[in-house]
Amino acid sequence: MHKNTLLTAAVLAALSFGSSANELPSGLTWIDNMNEPLFASDEAKFGGTLRTHMSSFPQTLRSVGSDSNSGLRHYFMDGTPKLAARHPNTGNWIPQLAEAWAYGDDNQTVYFKLNPEAKWSDGEKVDADDYLFMLTYNRSKDIVAPWYNDFFTNKIEDVSKIDDYTIAIKSATKMSQEELMIQINLPSNGLQPRPEHFFANPKKDENGDGIEDNFVRKFNFKAEPTTWAYYMSNVKKGKSVTFKHVGQDWWGYSNRYYKNRYNVEKVRLTVIRDSDIARKHFEKGDLDVFGLVLPSLWHEKADSKPYQQGYIQKFWGYNQTAQGAGGLWMNTSMPLLESRDVRAGIVYASDYDGMLKKVLRGDYLRMPHSMGAGHGGYDRPNNQAPAFDPKKAIRYFEAAGFNKVGADGIRVNDKGQRLSFDITYGYPPHTPRVAYLKEQAKQAGLEFNLNLVDGSSAFKFILEKKHQLAFLHMGGGEIPAYWEYLHSDNAKPQTNNHTFYQNPDMDNLIDQYVVEFDVAKKQQLSHQIQQKVSDEYLIVPGYMVPYTREAHWRWLRVPEKGMTKLTETMFSVTDVANFWIDSDVKTQTKSALKKGESFEPVTIIDDTYKL
(Lines give C-alpha, C1' and ligand atoms only; values in the text may rest on other atoms or scores of the structure.)
Protein backbone atom coordinates (compact mmCIF):
# COMPACT_ATOMS: atom_id res chain seq x y z
CA MET A 1 0.00 0.00 0.00
CA HIS A 2 1.13 3.53 -0.72
CA LYS A 3 1.78 5.62 2.34
CA ASN A 4 -0.41 8.62 1.81
CA THR A 5 -0.06 12.02 3.33
CA LEU A 6 -3.29 14.00 3.49
CA LEU A 7 -2.83 17.73 3.09
CA THR A 8 -5.41 19.63 5.09
CA ALA A 9 -7.37 22.52 3.69
CA ALA A 10 -5.26 24.87 5.79
CA VAL A 11 -2.06 23.55 4.27
CA LEU A 12 -3.53 23.78 0.79
CA ALA A 13 -4.49 27.37 1.42
CA ALA A 14 -1.02 28.16 2.70
CA LEU A 15 0.52 26.66 -0.43
CA SER A 16 -1.75 28.58 -2.78
CA PHE A 17 0.14 31.47 -4.37
CA GLY A 18 -2.25 32.70 -7.02
CA SER A 19 -5.76 32.66 -8.36
CA SER A 20 -7.37 31.14 -11.43
CA ALA A 21 -10.78 30.40 -12.88
CA ASN A 22 -9.99 26.72 -12.32
CA GLU A 23 -10.71 25.34 -8.90
CA LEU A 24 -9.71 22.17 -7.11
CA PRO A 25 -12.48 19.62 -6.67
CA SER A 26 -13.48 19.00 -3.09
CA GLY A 27 -12.47 15.82 -1.30
CA LEU A 28 -9.17 15.21 -3.07
CA THR A 29 -6.76 12.81 -1.35
CA TRP A 30 -3.24 14.15 -1.66
CA ILE A 31 -0.34 11.72 -1.79
CA ASP A 32 3.37 12.41 -1.31
CA ASN A 33 4.93 9.03 -0.34
CA MET A 34 7.71 10.71 1.62
CA ASN A 35 8.43 7.70 3.82
CA GLU A 36 9.93 5.31 1.28
CA PRO A 37 13.42 3.88 1.99
CA LEU A 38 16.44 5.88 0.81
CA PHE A 39 18.88 4.46 -1.73
CA ALA A 40 21.89 6.78 -1.41
CA SER A 41 24.64 6.93 1.22
CA ASP A 42 25.46 9.48 3.91
CA GLU A 43 29.12 8.68 3.17
CA ALA A 44 28.84 10.37 -0.22
CA LYS A 45 31.06 13.38 -0.85
CA PHE A 46 30.39 16.31 -3.17
CA GLY A 47 32.94 17.42 -5.75
CA GLY A 48 35.27 16.34 -8.52
CA THR A 49 34.90 15.96 -12.27
CA LEU A 50 33.60 12.75 -13.82
CA ARG A 51 35.56 12.25 -17.02
CA THR A 52 33.84 10.01 -19.54
CA HIS A 53 33.39 9.80 -23.30
CA MET A 54 30.92 9.55 -26.15
CA SER A 55 31.47 7.95 -29.54
CA SER A 56 30.23 10.89 -31.63
CA PHE A 57 29.23 14.50 -31.23
CA PRO A 58 25.45 15.01 -31.17
CA GLN A 59 23.64 16.32 -34.23
CA THR A 60 21.79 18.77 -31.98
CA LEU A 61 21.52 20.03 -28.41
CA ARG A 62 17.74 20.21 -28.68
CA SER A 63 15.69 17.69 -26.70
CA VAL A 64 12.93 17.51 -29.33
CA GLY A 65 12.74 17.71 -33.10
CA SER A 66 14.91 16.26 -35.83
CA ASP A 67 18.01 14.33 -34.72
CA SER A 68 17.21 14.68 -31.02
CA ASN A 69 16.52 10.99 -30.32
CA SER A 70 20.20 10.18 -30.08
CA GLY A 71 23.21 11.86 -28.59
CA LEU A 72 22.69 13.63 -25.28
CA ARG A 73 18.91 13.59 -24.88
CA HIS A 74 19.28 11.75 -21.56
CA TYR A 75 21.04 14.86 -20.26
CA PHE A 76 18.38 17.22 -21.62
CA MET A 77 15.17 15.27 -21.01
CA ASP A 78 15.11 11.60 -20.01
CA GLY A 79 17.32 11.88 -16.94
CA THR A 80 15.98 15.20 -15.68
CA PRO A 81 13.21 15.67 -13.04
CA LYS A 82 9.60 14.83 -13.81
CA LEU A 83 6.63 15.59 -11.59
CA ALA A 84 7.11 12.23 -9.90
CA ALA A 85 9.16 9.08 -10.44
CA ARG A 86 9.12 5.44 -9.48
CA HIS A 87 11.04 4.62 -6.33
CA PRO A 88 13.82 2.49 -7.84
CA ASN A 89 13.24 -0.41 -5.43
CA THR A 90 9.69 -0.32 -4.06
CA GLY A 91 8.10 0.90 -7.28
CA ASN A 92 5.92 3.43 -5.46
CA TRP A 93 5.68 6.96 -6.85
CA ILE A 94 7.89 9.54 -5.13
CA PRO A 95 8.03 13.33 -5.59
CA GLN A 96 10.34 15.18 -7.95
CA LEU A 97 9.08 18.54 -9.25
CA ALA A 98 5.76 17.91 -7.54
CA GLU A 99 5.37 17.84 -3.76
CA ALA A 100 2.13 15.87 -3.87
CA TRP A 101 -0.55 14.63 -6.29
CA ALA A 102 -4.20 13.66 -6.25
CA TYR A 103 -6.46 11.75 -8.64
CA GLY A 104 -9.69 13.16 -10.01
CA ASP A 105 -12.89 11.13 -10.06
CA ASP A 106 -13.02 11.20 -13.87
CA ASN A 107 -10.16 8.68 -14.30
CA GLN A 108 -8.48 11.21 -16.57
CA THR A 109 -7.13 14.00 -14.39
CA VAL A 110 -4.20 14.14 -11.98
CA TYR A 111 -3.64 17.24 -9.84
CA PHE A 112 -0.11 18.23 -8.83
CA LYS A 113 1.12 20.56 -6.11
CA LEU A 114 4.46 21.89 -7.43
CA ASN A 115 7.51 22.31 -5.25
CA PRO A 116 7.75 26.10 -4.75
CA GLU A 117 11.52 25.75 -4.22
CA ALA A 118 12.10 24.48 -7.78
CA LYS A 119 14.16 26.76 -10.00
CA TRP A 120 15.58 26.75 -13.50
CA SER A 121 19.36 26.62 -13.74
CA ASP A 122 19.34 30.29 -14.73
CA GLY A 123 17.69 31.17 -11.40
CA GLU A 124 14.10 31.68 -12.61
CA LYS A 125 11.30 30.07 -10.61
CA VAL A 126 9.48 27.02 -11.97
CA ASP A 127 5.74 27.56 -11.78
CA ALA A 128 2.44 26.53 -13.34
CA ASP A 129 2.93 28.82 -16.35
CA ASP A 130 5.91 26.73 -17.44
CA TYR A 131 3.59 23.72 -17.68
CA LEU A 132 1.03 25.68 -19.67
CA PHE A 133 3.81 26.72 -22.03
CA MET A 134 4.93 23.06 -22.19
CA LEU A 135 1.62 22.24 -23.87
CA THR A 136 1.97 25.09 -26.36
CA TYR A 137 5.58 24.17 -27.06
CA ASN A 138 4.94 20.47 -27.71
CA ARG A 139 1.90 21.12 -29.90
CA SER A 140 3.76 23.61 -32.08
CA LYS A 141 4.61 22.55 -35.63
CA ASP A 142 7.71 24.76 -35.36
CA ILE A 143 9.54 22.21 -33.19
CA VAL A 144 9.26 19.69 -36.10
CA ALA A 145 8.50 16.79 -33.78
CA PRO A 146 5.50 14.77 -35.07
CA TRP A 147 5.53 12.33 -32.16
CA TYR A 148 5.35 15.11 -29.56
CA ASN A 149 2.75 17.00 -31.60
CA ASP A 150 0.60 13.86 -31.60
CA PHE A 151 1.18 12.93 -27.96
CA PHE A 152 0.33 16.39 -26.62
CA THR A 153 -2.68 16.70 -28.92
CA ASN A 154 -4.20 13.23 -28.82
CA LYS A 155 -2.91 11.81 -25.51
CA ILE A 156 -2.90 14.92 -23.32
CA GLU A 157 -6.22 16.76 -23.53
CA ASP A 158 -5.30 19.71 -21.36
CA VAL A 159 -3.00 21.24 -18.76
CA SER A 160 -4.68 23.80 -16.55
CA LYS A 161 -3.50 26.16 -13.84
CA ILE A 162 -5.20 26.17 -10.46
CA ASP A 163 -2.77 28.66 -8.91
CA ASP A 164 0.90 29.48 -9.37
CA TYR A 165 1.99 26.15 -7.89
CA THR A 166 -0.94 23.83 -8.59
CA ILE A 167 -1.76 22.30 -11.96
CA ALA A 168 -4.12 19.70 -13.40
CA ILE A 169 -3.13 17.39 -16.27
CA LYS A 170 -5.96 15.70 -18.10
CA SER A 171 -5.50 12.62 -20.26
CA ALA A 172 -7.50 12.35 -23.46
CA THR A 173 -8.64 8.87 -22.43
CA LYS A 174 -9.69 7.21 -19.19
CA MET A 175 -6.93 5.26 -17.47
CA SER A 176 -6.18 3.57 -14.19
CA GLN A 177 -4.29 5.69 -11.66
CA GLU A 178 -1.07 3.81 -12.37
CA GLU A 179 -1.40 4.29 -16.12
CA LEU A 180 -2.10 7.99 -15.69
CA MET A 181 1.06 8.43 -13.63
CA ILE A 182 3.11 6.39 -16.08
CA GLN A 183 1.88 8.44 -19.03
CA ILE A 184 2.55 11.73 -17.24
CA ASN A 185 5.96 10.77 -15.87
CA LEU A 186 7.45 8.63 -18.64
CA PRO A 187 11.07 9.81 -18.92
CA SER A 188 11.04 10.33 -22.68
CA ASN A 189 7.61 11.82 -23.33
CA GLY A 190 8.59 15.42 -22.65
CA LEU A 191 5.83 16.08 -20.12
CA GLN A 192 7.94 18.38 -18.03
CA PRO A 193 8.05 22.16 -17.75
CA ARG A 194 9.51 24.23 -20.55
CA PRO A 195 11.04 27.64 -19.76
CA GLU A 196 8.74 30.14 -21.43
CA HIS A 197 11.17 32.94 -20.62
CA PHE A 198 13.82 31.17 -22.72
CA PHE A 199 11.86 29.91 -25.73
CA ALA A 200 8.92 32.24 -26.33
CA ASN A 201 9.42 35.04 -28.85
CA PRO A 202 6.14 36.37 -30.34
CA LYS A 203 8.07 38.82 -32.54
CA LYS A 204 9.45 35.93 -34.60
CA ASP A 205 6.29 33.84 -34.59
CA GLU A 206 4.06 34.28 -37.63
CA ASN A 207 1.60 31.48 -36.81
CA GLY A 208 0.83 32.82 -33.32
CA ASP A 209 1.73 29.84 -31.15
CA GLY A 210 4.52 31.62 -29.26
CA ILE A 211 7.31 29.47 -30.74
CA GLU A 212 9.77 31.01 -33.17
CA ASP A 213 9.32 29.89 -36.77
CA ASN A 214 13.05 29.19 -37.02
CA PHE A 215 13.04 27.20 -33.76
CA VAL A 216 14.98 24.20 -35.14
CA ARG A 217 17.83 26.27 -36.52
CA LYS A 218 18.05 28.77 -33.66
CA PHE A 219 18.13 26.21 -30.87
CA ASN A 220 20.08 23.48 -32.64
CA PHE A 221 23.18 24.11 -30.54
CA LYS A 222 21.79 26.34 -27.82
CA ALA A 223 21.42 24.64 -24.44
CA GLU A 224 18.20 25.45 -22.60
CA PRO A 225 17.85 26.04 -18.85
CA THR A 226 17.14 22.92 -16.82
CA THR A 227 15.49 22.02 -13.51
CA TRP A 228 18.10 19.28 -13.07
CA ALA A 229 21.20 19.36 -10.88
CA TYR A 230 23.37 19.85 -14.00
CA TYR A 231 23.35 22.37 -16.83
CA MET A 232 25.51 22.46 -19.95
CA SER A 233 28.34 24.84 -19.15
CA ASN A 234 30.76 24.34 -22.03
CA VAL A 235 30.54 23.07 -25.60
CA LYS A 236 33.48 22.42 -27.90
CA LYS A 237 31.82 21.40 -31.13
CA GLY A 238 32.98 18.05 -32.34
CA LYS A 239 35.23 17.59 -29.32
CA SER A 240 33.50 17.68 -25.93
CA VAL A 241 30.65 18.91 -23.79
CA THR A 242 30.75 19.71 -20.08
CA PHE A 243 27.89 19.74 -17.60
CA LYS A 244 28.27 21.63 -14.34
CA HIS A 245 26.39 21.10 -11.10
CA VAL A 246 24.06 23.95 -10.13
CA GLY A 247 25.63 23.78 -6.67
CA GLN A 248 24.98 22.32 -3.26
CA ASP A 249 22.11 24.78 -2.87
CA TRP A 250 20.29 23.09 -5.79
CA TRP A 251 16.56 23.17 -5.04
CA GLY A 252 16.34 19.35 -5.38
CA TYR A 253 18.24 18.75 -2.15
CA SER A 254 15.18 19.93 -0.23
CA ASN A 255 13.69 16.59 -1.33
CA ARG A 256 14.96 13.70 0.84
CA TYR A 257 15.12 11.37 -2.17
CA TYR A 258 17.64 13.62 -3.91
CA LYS A 259 20.05 13.86 -0.97
CA ASN A 260 23.50 12.30 -1.46
CA ARG A 261 22.89 11.91 -5.18
CA TYR A 262 24.33 13.82 -8.14
CA ASN A 263 27.53 14.19 -6.17
CA VAL A 264 30.11 15.10 -8.82
CA GLU A 265 30.60 18.77 -9.54
CA LYS A 266 31.23 18.41 -13.27
CA VAL A 267 30.76 15.84 -16.01
CA ARG A 268 32.97 16.08 -19.08
CA LEU A 269 32.15 13.96 -22.13
CA THR A 270 34.95 13.81 -24.68
CA VAL A 271 34.38 12.56 -28.21
CA ILE A 272 36.47 9.44 -28.81
CA ARG A 273 35.13 7.64 -31.84
CA ASP A 274 37.04 4.41 -31.47
CA SER A 275 36.13 2.26 -28.46
CA ASP A 276 39.59 0.69 -28.23
CA ILE A 277 41.25 4.10 -28.17
CA ALA A 278 38.80 5.22 -25.48
CA ARG A 279 39.71 2.14 -23.41
CA LYS A 280 43.40 3.01 -23.68
CA HIS A 281 42.69 6.56 -22.51
CA PHE A 282 40.77 5.08 -19.59
CA GLU A 283 43.56 2.71 -18.60
CA LYS A 284 46.03 5.63 -18.67
CA GLY A 285 43.81 7.51 -16.22
CA ASP A 286 42.49 10.10 -18.66
CA LEU A 287 38.92 8.83 -18.14
CA ASP A 288 37.34 7.72 -14.87
CA VAL A 289 34.95 5.06 -16.06
CA PHE A 290 34.56 2.66 -18.97
CA GLY A 291 31.70 0.30 -19.83
CA LEU A 292 32.39 -3.44 -19.79
CA VAL A 293 28.99 -4.74 -20.84
CA LEU A 294 30.59 -6.35 -23.90
CA PRO A 295 31.62 -9.91 -22.98
CA SER A 296 34.96 -9.56 -24.78
CA LEU A 297 35.83 -6.58 -22.60
CA TRP A 298 34.78 -8.09 -19.28
CA HIS A 299 36.26 -11.55 -19.84
CA GLU A 300 39.34 -10.76 -21.91
CA LYS A 301 40.52 -7.17 -21.83
CA ALA A 302 39.84 -6.08 -18.27
CA ASP A 303 42.97 -7.71 -16.91
CA SER A 304 45.78 -5.32 -17.73
CA LYS A 305 48.24 -3.96 -15.15
CA PRO A 306 45.95 -1.21 -13.77
CA TYR A 307 43.41 -3.93 -12.90
CA GLN A 308 46.02 -6.32 -11.50
CA GLN A 309 47.53 -3.56 -9.38
CA GLY A 310 44.12 -2.50 -8.02
CA TYR A 311 44.09 1.00 -9.52
CA ILE A 312 41.05 0.08 -11.60
CA GLN A 313 38.15 -1.86 -10.13
CA LYS A 314 35.35 -3.83 -11.81
CA PHE A 315 31.64 -3.57 -11.04
CA TRP A 316 28.84 -5.95 -12.11
CA GLY A 317 25.35 -5.06 -10.91
CA TYR A 318 22.08 -6.75 -11.86
CA ASN A 319 18.82 -4.87 -12.43
CA GLN A 320 15.18 -5.56 -13.29
CA THR A 321 14.38 -2.89 -15.86
CA ALA A 322 11.73 -3.20 -18.55
CA GLN A 323 13.16 -4.00 -21.97
CA GLY A 324 12.13 -2.02 -25.05
CA ALA A 325 11.49 -3.17 -28.59
CA GLY A 326 14.50 -4.38 -30.48
CA GLY A 327 16.32 -6.75 -32.77
CA LEU A 328 16.53 -6.68 -36.55
CA TRP A 329 13.94 -4.20 -37.84
CA MET A 330 12.77 -4.70 -41.45
CA ASN A 331 11.84 -1.64 -43.51
CA THR A 332 8.74 -2.83 -45.34
CA SER A 333 8.89 0.14 -47.73
CA MET A 334 12.05 -1.30 -49.30
CA PRO A 335 11.89 -3.62 -52.35
CA LEU A 336 11.35 -7.31 -51.43
CA LEU A 337 10.74 -6.53 -47.76
CA GLU A 338 7.08 -5.80 -48.43
CA SER A 339 6.77 -9.59 -48.85
CA ARG A 340 5.71 -11.41 -45.67
CA ASP A 341 7.38 -14.59 -46.97
CA VAL A 342 10.71 -12.79 -47.42
CA ARG A 343 10.44 -11.33 -43.93
CA ALA A 344 9.57 -14.73 -42.46
CA GLY A 345 12.56 -16.26 -44.19
CA ILE A 346 14.82 -13.57 -42.71
CA VAL A 347 13.47 -14.29 -39.23
CA TYR A 348 14.29 -18.01 -39.47
CA ALA A 349 17.64 -17.37 -41.19
CA SER A 350 18.86 -15.06 -38.38
CA ASP A 351 20.79 -17.07 -35.80
CA TYR A 352 20.47 -14.84 -32.75
CA ASP A 353 20.67 -17.73 -30.30
CA GLY A 354 23.96 -18.90 -31.83
CA MET A 355 25.28 -15.34 -31.76
CA LEU A 356 24.44 -15.01 -28.06
CA LYS A 357 26.17 -18.28 -27.23
CA LYS A 358 29.25 -18.07 -29.45
CA VAL A 359 29.92 -14.35 -29.77
CA LEU A 360 28.49 -13.02 -26.50
CA ARG A 361 29.53 -15.94 -24.24
CA GLY A 362 25.98 -16.52 -23.05
CA ASP A 363 26.06 -13.32 -20.95
CA TYR A 364 23.03 -11.81 -22.69
CA LEU A 365 19.52 -13.27 -22.78
CA ARG A 366 17.33 -13.74 -25.86
CA MET A 367 14.36 -11.42 -25.93
CA PRO A 368 11.18 -13.51 -26.02
CA HIS A 369 9.44 -11.01 -28.29
CA SER A 370 10.59 -8.20 -30.54
CA MET A 371 8.39 -5.66 -28.72
CA GLY A 372 10.32 -6.12 -25.47
CA ALA A 373 9.88 -7.85 -22.13
CA GLY A 374 9.33 -7.15 -18.43
CA HIS A 375 5.88 -5.59 -18.87
CA GLY A 376 4.03 -8.00 -16.60
CA GLY A 377 0.55 -8.87 -17.83
CA TYR A 378 1.05 -6.87 -21.04
CA ASP A 379 3.44 -9.53 -22.36
CA ARG A 380 1.92 -12.64 -23.93
CA PRO A 381 2.69 -15.48 -21.50
CA ASN A 382 3.75 -17.82 -24.32
CA ASN A 383 6.04 -15.43 -26.18
CA GLN A 384 9.07 -17.26 -27.55
CA ALA A 385 11.54 -16.01 -30.13
CA PRO A 386 11.67 -18.15 -33.31
CA ALA A 387 14.68 -20.49 -33.38
CA PHE A 388 17.22 -20.48 -36.21
CA ASP A 389 15.92 -22.84 -38.88
CA PRO A 390 17.56 -22.54 -42.34
CA LYS A 391 15.31 -25.21 -43.89
CA LYS A 392 12.18 -23.38 -42.79
CA ALA A 393 13.68 -20.11 -44.04
CA ILE A 394 14.29 -21.68 -47.46
CA ARG A 395 10.66 -22.76 -47.72
CA TYR A 396 9.54 -19.18 -47.14
CA PHE A 397 12.10 -17.82 -49.62
CA GLU A 398 10.95 -20.29 -52.26
CA ALA A 399 7.34 -19.27 -51.64
CA ALA A 400 8.45 -15.71 -52.36
CA GLY A 401 9.92 -16.79 -55.71
CA PHE A 402 13.56 -17.20 -54.69
CA ASN A 403 13.83 -20.78 -55.90
CA LYS A 404 17.21 -20.57 -57.59
CA VAL A 405 20.69 -20.44 -56.03
CA GLY A 406 23.41 -18.42 -57.71
CA ALA A 407 27.03 -19.40 -58.10
CA ASP A 408 27.85 -17.47 -54.93
CA GLY A 409 25.26 -19.44 -52.91
CA ILE A 410 22.78 -16.56 -52.69
CA ARG A 411 19.20 -17.11 -53.82
CA VAL A 412 17.75 -15.27 -56.84
CA ASN A 413 14.27 -14.98 -58.33
CA ASP A 414 13.15 -15.10 -61.96
CA LYS A 415 13.82 -11.36 -62.28
CA GLY A 416 17.45 -11.88 -61.32
CA GLN A 417 17.03 -10.13 -57.98
CA ARG A 418 19.43 -11.44 -55.35
CA LEU A 419 18.24 -12.16 -51.81
CA SER A 420 20.59 -9.55 -50.35
CA PHE A 421 20.03 -6.89 -47.70
CA ASP A 422 22.13 -4.34 -45.82
CA ILE A 423 22.08 -4.38 -42.02
CA THR A 424 22.59 -0.85 -40.68
CA TYR A 425 24.14 -0.48 -37.24
CA GLY A 426 25.92 2.28 -35.39
CA TYR A 427 28.66 0.86 -33.16
CA PRO A 428 31.86 -0.97 -34.19
CA PRO A 429 31.67 -3.41 -31.22
CA HIS A 430 28.51 -4.79 -32.81
CA THR A 431 30.40 -5.84 -35.95
CA PRO A 432 31.20 -9.41 -34.72
CA ARG A 433 27.52 -9.91 -33.88
CA VAL A 434 26.26 -8.79 -37.28
CA ALA A 435 29.09 -10.69 -38.98
CA TYR A 436 27.97 -13.90 -37.24
CA LEU A 437 24.40 -13.36 -38.48
CA LYS A 438 25.82 -12.81 -41.97
CA GLU A 439 27.72 -16.10 -41.99
CA GLN A 440 24.84 -18.14 -40.62
CA ALA A 441 22.32 -16.63 -43.04
CA LYS A 442 24.25 -18.08 -45.99
CA GLN A 443 22.89 -21.50 -45.01
CA ALA A 444 19.50 -20.31 -46.26
CA GLY A 445 20.91 -18.57 -49.34
CA LEU A 446 20.48 -15.14 -47.76
CA GLU A 447 23.13 -12.42 -47.93
CA PHE A 448 23.53 -9.85 -45.19
CA ASN A 449 25.83 -6.90 -45.88
CA LEU A 450 27.32 -4.95 -42.99
CA ASN A 451 26.51 -1.23 -43.12
CA LEU A 452 28.29 0.43 -40.22
CA VAL A 453 27.32 4.09 -39.88
CA ASP A 454 28.78 6.37 -37.20
CA GLY A 455 26.71 6.43 -33.95
CA SER A 456 24.23 9.32 -34.11
CA SER A 457 24.35 9.32 -37.92
CA ALA A 458 23.16 5.71 -37.91
CA PHE A 459 20.03 6.60 -35.98
CA LYS A 460 19.41 9.55 -38.31
CA PHE A 461 19.78 7.18 -41.27
CA ILE A 462 17.20 4.85 -39.72
CA LEU A 463 14.80 7.65 -38.74
CA GLU A 464 14.80 8.82 -42.32
CA LYS A 465 13.85 5.25 -43.35
CA LYS A 466 16.89 4.79 -45.59
CA HIS A 467 17.75 1.42 -44.09
CA GLN A 468 16.74 -2.03 -45.28
CA LEU A 469 17.42 -3.85 -42.00
CA ALA A 470 18.35 -2.07 -38.76
CA PHE A 471 20.22 -3.73 -35.89
CA LEU A 472 18.70 -1.60 -33.15
CA HIS A 473 17.31 -1.77 -29.60
CA MET A 474 15.04 0.94 -28.24
CA GLY A 475 14.40 1.95 -24.65
CA GLY A 476 11.23 0.75 -23.01
CA GLY A 477 8.69 1.81 -20.44
CA GLU A 478 6.52 -0.12 -18.03
CA ILE A 479 3.65 -0.33 -20.50
CA PRO A 480 4.52 -1.34 -24.08
CA ALA A 481 4.34 1.42 -26.68
CA TYR A 482 2.83 0.40 -30.00
CA TRP A 483 1.53 3.49 -31.78
CA GLU A 484 4.95 4.99 -32.38
CA TYR A 485 6.38 1.75 -33.76
CA LEU A 486 3.48 0.20 -35.67
CA HIS A 487 0.66 2.62 -36.51
CA SER A 488 0.17 3.71 -40.12
CA ASP A 489 -0.15 7.36 -39.07
CA ASN A 490 3.45 7.24 -37.87
CA ALA A 491 4.87 5.54 -40.97
CA LYS A 492 6.91 8.51 -42.15
CA PRO A 493 10.44 9.91 -41.81
CA GLN A 494 11.74 11.13 -38.44
CA THR A 495 9.55 8.71 -36.46
CA ASN A 496 10.09 5.44 -34.59
CA ASN A 497 8.06 3.37 -37.05
CA HIS A 498 11.35 1.81 -38.15
CA THR A 499 9.53 -0.91 -40.12
CA PHE A 500 7.37 1.62 -42.03
CA TYR A 501 4.57 -0.81 -41.34
CA GLN A 502 1.03 0.13 -42.42
CA ASN A 503 -1.90 -2.16 -41.78
CA PRO A 504 -5.52 -1.16 -40.97
CA ASP A 505 -6.09 -4.22 -38.77
CA MET A 506 -3.05 -3.34 -36.68
CA ASP A 507 -4.16 0.30 -36.57
CA ASN A 508 -7.54 -0.79 -35.24
CA LEU A 509 -5.94 -2.89 -32.49
CA ILE A 510 -3.64 -0.05 -31.49
CA ASP A 511 -6.45 2.51 -31.51
CA GLN A 512 -8.44 0.27 -29.15
CA TYR A 513 -5.36 -0.31 -26.99
CA VAL A 514 -4.71 3.41 -26.62
CA VAL A 515 -8.20 4.24 -25.32
CA GLU A 516 -8.96 1.07 -23.32
CA PHE A 517 -9.50 1.82 -19.64
CA ASP A 518 -9.97 -1.71 -18.30
CA VAL A 519 -6.45 -3.03 -17.58
CA ALA A 520 -7.36 -6.68 -18.25
CA LYS A 521 -8.85 -5.80 -21.65
CA LYS A 522 -5.90 -3.55 -22.45
CA GLN A 523 -3.51 -6.40 -21.70
CA GLN A 524 -5.50 -8.72 -23.96
CA LEU A 525 -5.20 -6.17 -26.77
CA SER A 526 -1.46 -6.04 -26.08
CA HIS A 527 -1.31 -9.81 -26.52
CA GLN A 528 -3.13 -9.55 -29.85
CA ILE A 529 -0.78 -6.83 -31.08
CA GLN A 530 2.27 -8.86 -30.11
CA GLN A 531 0.81 -11.91 -31.86
CA LYS A 532 0.24 -9.88 -35.03
CA VAL A 533 3.80 -8.52 -34.90
CA SER A 534 5.01 -12.14 -34.76
CA ASP A 535 2.65 -13.24 -37.55
CA GLU A 536 3.79 -10.38 -39.77
CA TYR A 537 7.51 -11.08 -39.16
CA LEU A 538 8.38 -7.39 -38.81
CA ILE A 539 11.33 -7.63 -36.42
CA VAL A 540 13.69 -10.47 -35.58
CA PRO A 541 13.57 -10.54 -31.73
CA GLY A 542 16.88 -9.40 -30.30
CA TYR A 543 18.44 -9.75 -26.86
CA MET A 544 18.37 -8.14 -23.44
CA VAL A 545 21.07 -7.28 -20.94
CA PRO A 546 19.68 -7.38 -17.36
CA TYR A 547 22.71 -5.78 -15.74
CA THR A 548 25.39 -3.13 -15.95
CA ARG A 549 29.13 -3.88 -16.04
CA GLU A 550 31.65 -1.09 -15.66
CA ALA A 551 35.28 -0.49 -14.85
CA HIS A 552 36.26 2.52 -12.78
CA TRP A 553 39.27 4.05 -11.12
CA ARG A 554 39.21 3.28 -7.42
CA TRP A 555 38.37 6.84 -6.37
CA LEU A 556 34.86 6.36 -7.72
CA ARG A 557 32.83 4.98 -4.83
CA VAL A 558 29.38 3.41 -4.51
CA PRO A 559 27.17 2.66 -1.51
CA GLU A 560 27.23 -0.85 -0.13
CA LYS A 561 24.64 -2.68 -2.23
CA GLY A 562 24.42 0.41 -4.40
CA MET A 563 22.39 -1.17 -7.20
CA THR A 564 18.65 -0.63 -7.38
CA LYS A 565 16.13 -2.52 -9.46
CA LEU A 566 16.06 0.36 -11.92
CA THR A 567 19.78 1.24 -12.10
CA GLU A 568 20.80 0.95 -15.73
CA THR A 569 24.26 2.50 -15.44
CA MET A 570 26.03 2.84 -12.10
CA PHE A 571 28.40 5.67 -12.98
CA SER A 572 26.12 8.05 -14.87
CA VAL A 573 24.54 11.24 -13.55
CA THR A 574 21.48 10.60 -15.75
CA ASP A 575 20.67 7.46 -13.75
CA VAL A 576 20.13 6.88 -10.02
CA ALA A 577 23.52 8.59 -9.55
CA ASN A 578 24.30 7.55 -5.98
CA PHE A 579 28.06 7.25 -6.63
CA TRP A 580 30.70 9.84 -5.73
CA ILE A 581 34.36 10.75 -6.18
CA ASP A 582 36.55 10.43 -3.09
CA SER A 583 39.25 13.07 -3.46
CA ASP A 584 41.36 11.56 -0.65
CA VAL A 585 41.39 8.17 -2.37
CA LYS A 586 42.25 9.88 -5.65
CA THR A 587 45.26 11.59 -4.05
CA GLN A 588 46.32 8.30 -2.45
CA THR A 589 46.01 6.44 -5.75
CA LYS A 590 48.00 8.99 -7.73
CA SER A 591 50.73 8.89 -5.10
CA ALA A 592 50.83 5.10 -5.27
CA LEU A 593 51.10 5.26 -9.06
CA LYS A 594 54.17 7.46 -8.82
CA LYS A 595 55.77 5.17 -6.25
CA GLY A 596 54.87 1.98 -8.08
CA GLU A 597 52.79 0.73 -5.13
CA SER A 598 49.80 -1.58 -5.64
CA PHE A 599 46.42 -2.33 -4.08
CA GLU A 600 44.41 -5.52 -3.91
CA PRO A 601 42.40 -6.12 -7.12
CA VAL A 602 38.69 -5.55 -6.57
CA THR A 603 35.68 -6.93 -8.44
CA ILE A 604 32.28 -6.05 -7.00
CA ILE A 605 29.31 -8.20 -8.03
CA ASP A 606 26.01 -6.86 -6.73
CA ASP A 607 23.45 -9.58 -7.43
CA THR A 608 20.75 -8.22 -5.12
CA TYR A 609 18.32 -7.93 -8.02
CA LYS A 610 19.48 -10.82 -10.17
CA LEU A 611 16.46 -12.60 -11.62
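Predicted model: local features only at pLDDT ≥ 70, side-chain atom pairs only at ≥ 80, totals over all residues.
I started with α17 (residues 504–515) and α18 (residues 519–536). Their axes come within 9 Å and cross at roughly 155°. Angles over 145 degrees count as roughly antiparallel, so I put α17 and α18 down as roughly antiparallel to each other. I also looked up the hand of the α17 and α18 crossing, and it is left-handed.

Next I listed who touches whom. On the α17 side I find Asp 505, Met 506, Leu 509, Ile 510, Gln 512, Tyr 513 and Val 514. From α18 come Lys 522, Leu 525, Ser 526, Gln 528, Ile 529, Lys 532 and Val 533. Sorted by class, the α17 contact with α18 has eight nonpolar residues, three polar and three charged.

**Entry: the sheet**

Then I traced the strands. I get an open sheet of five, ordered β18-β17-β19-β13-β20, with mixed pairing. β18 (447–452) and β20 (539–541) are the edge strands; each has a single partner, so one side of each has no neighbour in the sheet. From one strand to the next the twist averages 25°.

I zoomed in on β17 (residues 420–425) and β19 (residues 469–473). They run parallel and are joined by two bridges. I looked up Ile 423, and its bridge partner in β19 is Leu 469.

**Entry: helices on the sheet**

α11 (residues 340–349) lies across β13 (326–330), β17, β18, β19 and β20, and runs at about 150° to β13. α14 (residues 431–441) also packs on the sheet, where I see it touching β17, β18 and β19. The direction of α14 makes about 165° with that of β18.

Methods: Residues numbered from 1 in each chain as written. Heavy atoms only, no water. Axes fitted to C-alpha atoms, helices over the stretch in contact; angles between N-to-C directions. Helix = DSSP H or I, 4+ residues; strand = E, 2+ residues; numbered from the N terminus. Parallel < 35°, antiparallel > 145°, perpendicular 65-115°, else oblique. Left-handed = near helix turned anticlockwise from the far one by under 90°. Contact = heavy atoms within 4.5 Å. Nonpolar A, V, L, I, M, F, W, Y, C, P; charged D, E, K, R; others polar. Pairing = 2+ DSSP bridges.
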